[in-house]
Amino acid sequence: MAVTVPGLPFDFIQTDVAGGTVGFVFKSTADAFYYNGTTVTKITDAQYPATTVRGIAYLDGTYYVMDPNGQIFGSDPINSPTTWTSLNKIVAQMEPDGAVALSRLLNYIVAFGTYTTEFFFDAGNPSPGSPLSPYTSGMLNVGCAAAGSVAQTNNQLFFIGVTKQRGRSIYMLTGTTPQIISTPAIERILNDDDLSGVFSFCVKISGHNFYVLTLTDSNITLACDIATGDWKEWTSLTAAASISISTLTYDSTTGLATATTATAHGRSDGDPVVIAGATQTEYNGAVNVTYVDSTHFTYTPLSIPSVTPATGTKTVVGYTSGAFIGRFYAGYGNIELVQDSAGNLYTLDPNTYQDAGLPIDVHARTPLVDGGTNQKKFFRKLEIIGDREDTLVFVRYTGDDYQTWTKYRSADLNLRRSVLHRLGQDRRRAYELRHTDNTPLRLEALELTTEVGNN
């Protein structure tokens, strides 16, 4: 049976119940289906609601869904996702707001409304009727701003919360206790987005649990390390159209190749690109450019060319950066899977250092450093402390509160000491490190040698 519901995301729940059904139930806001390991069956029971909000939950043998009016429907009899009754129903109605999403946390069914969150527990109420009763003392005056933001890991539930006083925050529910985990900077991003497309999931990678939230309107993915509370931006690169290189020369004095493009190349300082098509293959490969102007850039070839200028049909391919490619997540055994908006599946592997063959563009930016004084400082040396790898890290800095930046300089992590010298002077300074190679990267610290001036 083919199942196609364009534009509607599905919610899934496993049904591996001892003595009961085996497989999983999946639903959109319009339809629901049951898969028993062999056959997909559409749930056609007339008592199943015609329209539901996002989410499906299972508690003590009953499957639950909720309609836009806050009515929570339960399957009946026990462990039968295809059979429903009109009497197995309870309403989330402590406030007259609309329903947004349904989930489960511990032994509670969680009903998210526009401005409230209500909890229900299995009270063992006799049939006919819903076995659920409201946990009235747990009601929250915080609603869910986007159903797609609801995600669960372990004993915690995450969502974009909103109150009648406006303003959005990321909430973490531990039991019935809410905690705001977003920072003012994250909340500015949330409040600038129209939340027309929101995706989220939780995943554990290399011992770290993350809540991952994608805002398609802002084209940004935000990831929170749950243990530390630190927020990061996750990105994915997309290959741009190739651009013809009209002239490609090499300067043995500087060790740089200079490319002249037929049209504007659109690259910025430090961007990764792939040079291809030169007959002298020393020019070709994945490199990082130094921005010169709209039709010229330089780079360090992977090996020294013996001929200049290069011949052949030469091209450059760059990348555009956007939100993380993964929209949905599923774990299977030891495999972590994410799916993109086109339905392609990828594994999350901490020992793979590219995204589907494209570079991972890593940026690490420090806060402003002034050493506790506004005196002018002379920066003699910067040393990168981290694992030794055959890779380059690019470093630049700003002395005017992130308004402008120097050009990137490269530091070789394969050397005994990865050091940059003669870094000029500033009163306050921040540094940014960038890495795009197909290699591991683990950094511990930046060690600065400075001298304080007299003014």
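Q: Which strand gives the largest share of the lining of the second largest pocket?
A: In this predicted model, the elements that give two or more residues to the lining of the second largest pocket include strand 1 (11-14), strand 9 (99-105), strand 18 (198-205) and strand 29 (328-332). Among the elements of that lining, the largest share amounts to five residues, and these come from strand 18.

Q: How many residues line the second largest pocket, and which of them lie nearest its centre?
A: The second largest pocket has a volume of about 1,800 Å³. By class, its lining has 27 nonpolar, 13 polar and five charged residues. The lining is made up of 45 residues, and those that lie nearest the centre of the pocket are F10, D11, F12, I13 and Y329.

Q: With which residues is W231 in contact, leaving aside its neighbours within four places in sequence?
A: Once the neighbours within four places in sequence are left aside, the residues in contact with W231 are I170, I181, S182, T183, I186, Y211, L222, A223 and C224.

Q: Which strand gives the largest share of the lining of the largest cavity?
A: The structure holds two cavities of 30 Å³ or more, and about 60 Å³ of space lies in the largest cavity. Its lining, which includes M66, G70, F112 and E118, divides into five nonpolar, four polar and two charged residues. The largest share of this lining is three residues, and they come from strand 10.

Q: Which residues line the second largest cavity?
A: The second largest cavity has a volume of about 30 Å³. The residues of its lining divide into six nonpolar, no polar and one charged. By name, the residues that line the second largest cavity are L382, V395, Y397, R409, L420, L423 and Y431.

Q: Where is P309, which a cis peptide bond joins to T308, found in the structure?
A: Most peptide bonds are trans. The bond that joins T308 and P309, however, is cis, with omega at about 0 degrees, and the peptide bond from S127 to P128 is cis as well, with omega near 0 degrees. Whereas P128 is found in the loop between strand 11 (117-122) and strand 12 (132-134), P309 is found in the loop between strand 26 (296-299) and strand 27 (312-317).

Q: Does L195 count as buried or exposed?
A: L195 has a positive phi of about 60 degrees although it is not a glycine, and it is found in the loop between helix 1 and strand 18. Its relative accessibility is 13%, and the cut-off for buried is under 20%, so L195 counts as buried.

Terms used: Residues numbered from 1 in each chain as written. Predicted model: local features only at pLDDT ≥ 70, side-chain atom pairs only at ≥ 80, totals over all residues. Heavy atoms only, no water. 1 Å grid on protein atoms, 1.4 Å probe; cavity = no way out; pocket = protein on both sides within 12 Å on 5 of 7 lines; lining within 4 Å. Points joined across faces, edges and corners; volume = space filled by probe spheres on them. Helix = DSSP H or I, 4+ residues; strand = E, 2+ residues; numbered from the N terminus. Nonpolar A, V, L, I, M, F, W, Y, C, P; charged D, E, K, R; others polar. Contact = heavy atoms within 4.5 Å. Buried < 20%, exposed > 50% of the residue type's maximum accessible area, 1.4 Å probe, protein only.
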